[in-house]
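The report that follows is meant for someone meeting this protein for the first time. Please look through the sequence and the model, and keep both at hand while reading.

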Amino acid sequence: MNETIDQEDPNPVNDNVPARPGEVLPGIINLLPVASRPFFPGQAVPLLMDAGHWASTMKAVREAGHGILGIVLADSPTSEEARPSSFSKVGTACRIHRVQKVDAGLQVLVECLARFSIDKVLDEEAPFRARVTHHHEAIGAAKGDIKAYALAIINTIKELVPLNPLYGEELRMFLDRMGPDDPSHLADFAASLTSANKKQLQEILGTLELLPRMERVLVLLKNELEMAKAQHEIRTSVEQKMETQQREFFLREQLKVIQKELGIEKDDKTAELEKFQERLEKLTLPEQAQQRLDEEMNKLSVLEKGSPEYALTRNYIDWITLLPWGVHSEDKLDLTYARNALDQFHYGLQDVKDRILEFLAVGIMKGEVSGSILLLVGPPGVGKTSIGKSIADAMGRKFYRFSLGGMRDEAEIKGHRRTYIGAMPGKFVQAMKDAGTENPLIMLDEIDKIGASFHGDPASALLEALDPEQNSDFLDHYLDLRFDLSKVLFVCTANQLDTIPAPLLDRMEMISLPGYIASEKLQIARRYLLPRQLKRAGLKRNQVKINSPTLRTIIEGYARDAGVRRLEKQLGRIVRKAVVKILEGVKTPVTVTNDDIEQYLGSPTFRDERRLGGPGVVTGLAWTSMGGATLSIEAVKTHGFNRGFKLTGQLGDVMKESAEIAYGYLVSQAEAFGADPGFFEKSFIHLHVPAGATPKDGPSAGITMASALLSLARNRPVRKIAMTGELTLTGQVFPIGGVREKMIAARRAGIRELILPVDNRGEYEEVPDHIRKGIKVHFASTFEDVVPHLFGR
């Protein structure tokens, strides 16, 4: 590589002068490309180059006899990579004065003579030759505008000299070779003084007319002057601060010596104060916090170590200095990286990922992701906690998680007051300390299981921390200082919304994770769960094989819940039993088939849902904290001695009222729906919702119960269809929740025809296509819309 090792020759030769007037330079010369910056006429420059690459060029110049070499700037990373297409059009003709071999390189001293323009490059490979036209500068006293610009350049250089001694040395060497009355070389010398980039310098070299060249040089000099002034101001300020710090240092050292002589040395205390001071140098505290800290540190400096107040004050200062005041991590504002991070550990959940990417996209558009509160709601095992970790990875933020489940003390959130023995800050302050930045991602797990007691209500304490309008001034009881939580991204998780207080729920943006269907579970098991279990057991992938039909059997018979946690446990059982077999001498791979499942896992936990049929039996759809489920509702006439209506199946109050509404509506409208009006007058009807040991509640089974009663009254069985919807006394069908979960339950049960309230059409349209595929849905606004789909023709 060709490098300039110094702009001036430390041992200049005697004839180091520019090209003399009338001197004829050769029309064909060898070229040497440089990649760092161009050279100007009037300079004496030592070059260090690769001997192996440029020895042929030096030989060609020597053989030519004239000793002239053309140095040209190349637009390439290194001079060795330069090609004629990257050469600049204007270069500098130089006379070689000395060539000296140094290790594996050549040190060449050249004298820059005059500009030249390349007419044609004659060789495409080194040594490069070119036909050139030389441009000699007119020598003489400056006149008119040129003289004015020359004076301006000289005055600017005079201003530069006091700011940097190197400029003075450069100027002295220039005056030894040239005079101030040579405007052309003055302009070139001034350009070489600047730290401008090679493109700007090449523009100067390529400007052949003197006046425009001087105009551009003066602009570069002015920029250099401003930069030099700024550097000088910074250097002066730093030196002043260093003098102040040195003075304080000497005074403190003297104080230590005096204290030691007097026997009142406090080495441990001084060391702790210095440790706190070192921490503070990396932090930016608000004025209020800095004032409080100064007071506490002054108090600590005069307290005796044996005093109880000393330990309290020391711990308080320790907590304040451990918090990340003004420390932020840089967000990864890359949507493609975020998408890949979410896809890496989570299969499916496309609508959830889209919601998260939309949130990140807004932050990328703004240039920063501001603090927000997300709530991930879904059954156990669907990946709420792990997707929160993936969000942190996608954004490049620190991750901190703590569980709110069972928390009953307000002080866990906002800390204890310092008056109590063993007082500590709350969880949020502890999270900020552990994360080390003011903008981490904090996950609040199981927010729906937070409790309350005589110690206070933690849910109410969360209102301040999770309110974007308030958390910029979050007040912890222990610190008693305002701390900014507005840059924190809070991600909360819950299995259900019923137990979350409404004011708290209002502060969060909800994202629903409804669960997985069997095909999604199959892909998750193959891509993530089984490889993870094999790795935990110390096995290779080819030592245990479970094919797709076997995985599907495990999913349907042993892990039919909405999440995949139970599925992973079952796969873990299989892998552990396979390890035992391998250690007992069974040859690998151990292959698990459908015939081996019961040997590994025992009898299936879930059987195919028993298909209840006959008049009075209708399939409903229900939502539980574990996801969606099908629900068979049975209605029978027990006797005809008297009229009556009985309910069983551990029904809640709302569901009992829903059954009473369905019964009252059917009795009043029996004839309109083709039933015998006298049937209900002399029948004692028993309505049961299996399974009897499972508590049930909610209004969504209204049309299902009414359909069961109508089927019983008409003595006709209902087709293979499932339904859900709230029924009113006037026959209106009101909307329900959990549409996606209920559709997944219907698909799992093999039901391909559903009845939904017409007001739930919007939720239905948001259900992914792969769940809706193959399922026929009828929308009903009244019970009259339900009846035509119940019975076969």
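Thr728 is buried, because its relative accessible area is 15% and buried means under 20%, whereas exposed means over 50% and partly exposed covers what lies in between, with a 1.4 Å probe and protein chains only. Thr728 sits in the loop between β22 (726-727) and β23 (733-734), where helices (H or I, at least four residues) and strands (E, at least two) are DSSP runs numbered from the N terminus. Leaving out residues up to four places away in sequence, Thr728 touches Ile661, Tyr665 and Phe734, a contact being heavy atoms within 4.5 Å.

This is a predicted model, in which local features need pLDDT of at least 70 and side-chain atom pairs count only at pLDDT 80 or more, while totals for chains, interfaces and linings use all residues. Residues are numbered from 1 along each chain as its sequence is written, and side-chain values use heavy atoms, with hydrogens and water left out.

**The protein as a whole**

The protein contains 26 helices and 25 strands. Its radius of gyration is 42 Å, while a compact globule of 793 residues would have one near 28 Å; the radius is taken over C-alpha atoms, and the globule rule is 2.2 Å times the number of residues to the power 0.38. Along the principal axes, the C-alpha trace spans about 135 × 85 × 70 Å. Of the 793 residues, 48% are buried, and among the contacts between residues at least 6 apart in sequence, 75% join residues at least 24 apart. The accessible surface amounts to about 38,900 Å², with 51% of it belonging to carbon and sulfur atoms, as computed by the Shrake-Rupley method with a 1.4 Å probe.

**The nonpolar cores**

Which residues have the most contacts inside the largest nonpolar core? They are Phe428, Leu444, Ile447, Leu462 and Leu466, in a core of 52 residues, where a nonpolar core is a set of buried Ala, Val, Leu, Ile, Met, Phe, Trp, Tyr and Cys residues joined through side-chain atoms within 4.5 Å. Helix α9 (residues 308-322) gives the most to this core, contributing five residues. Another core, of 51 residues, lies apart from it and includes Ile391, Tyr516, Val544 and Tyr558. Phe428 itself has contacts beyond four places in sequence with Phe402, Ile413, Ile442, Leu444, Leu462, Ala465, Phe474, Leu485 and Phe490.

Phe399 belongs to strand β9 (residues 399-403) and is partly exposed, as its relative accessible area is 26%. Beyond four places in sequence, Phe399 touches Gly388, Lys389, Ala392, Leu441 and Met443. Gly774 lies in the loop between α25 (769-772) and β25 (776-780) and counts as exposed, because its relative accessibility is 58%; apart from its neighbours within four places in sequence, Gly774 is in contact with Arg747 and Arg752. Phe249, found in helix α6 (residues 210-262), is partly exposed, with a relative accessible area of 45%. The table sets out one C-alpha separation for each of these residues.

| Pair | Distance along the chain | C-alpha separation |
|---|---|---|
| Phe399 and Asn439 | 40 residues | 9.8 Å |
| Gly774 and Ile751 | 23 residues | 9.8 Å |
| Phe249 and Ile751 | 502 residues | 82 Å |

**Backbone features**

A cis peptide bond, with omega about 0 degrees, joins Ala126 and Pro127, and Pro127 lies in the loop between β6 (105-121) and β7 (128-135). A cis peptide bond also joins Thr588 and Pro589, again with omega about 0 degrees, and Pro589 is in the loop between α19 (565-583) and β16 (590-592).

Gln650, which is not a glycine, has a positive phi near 55 degrees; its place is in the loop between β19 (644-648) and α21 (653-669), and Gln650 is partly exposed, with a relative accessible area of 44%. Asn715 is likewise not a glycine and has a positive phi of about 55 degrees. Asn715 lies in the loop between α22 (702-714) and β21 (722-723) and counts as exposed, because its relative accessibility is 59%.
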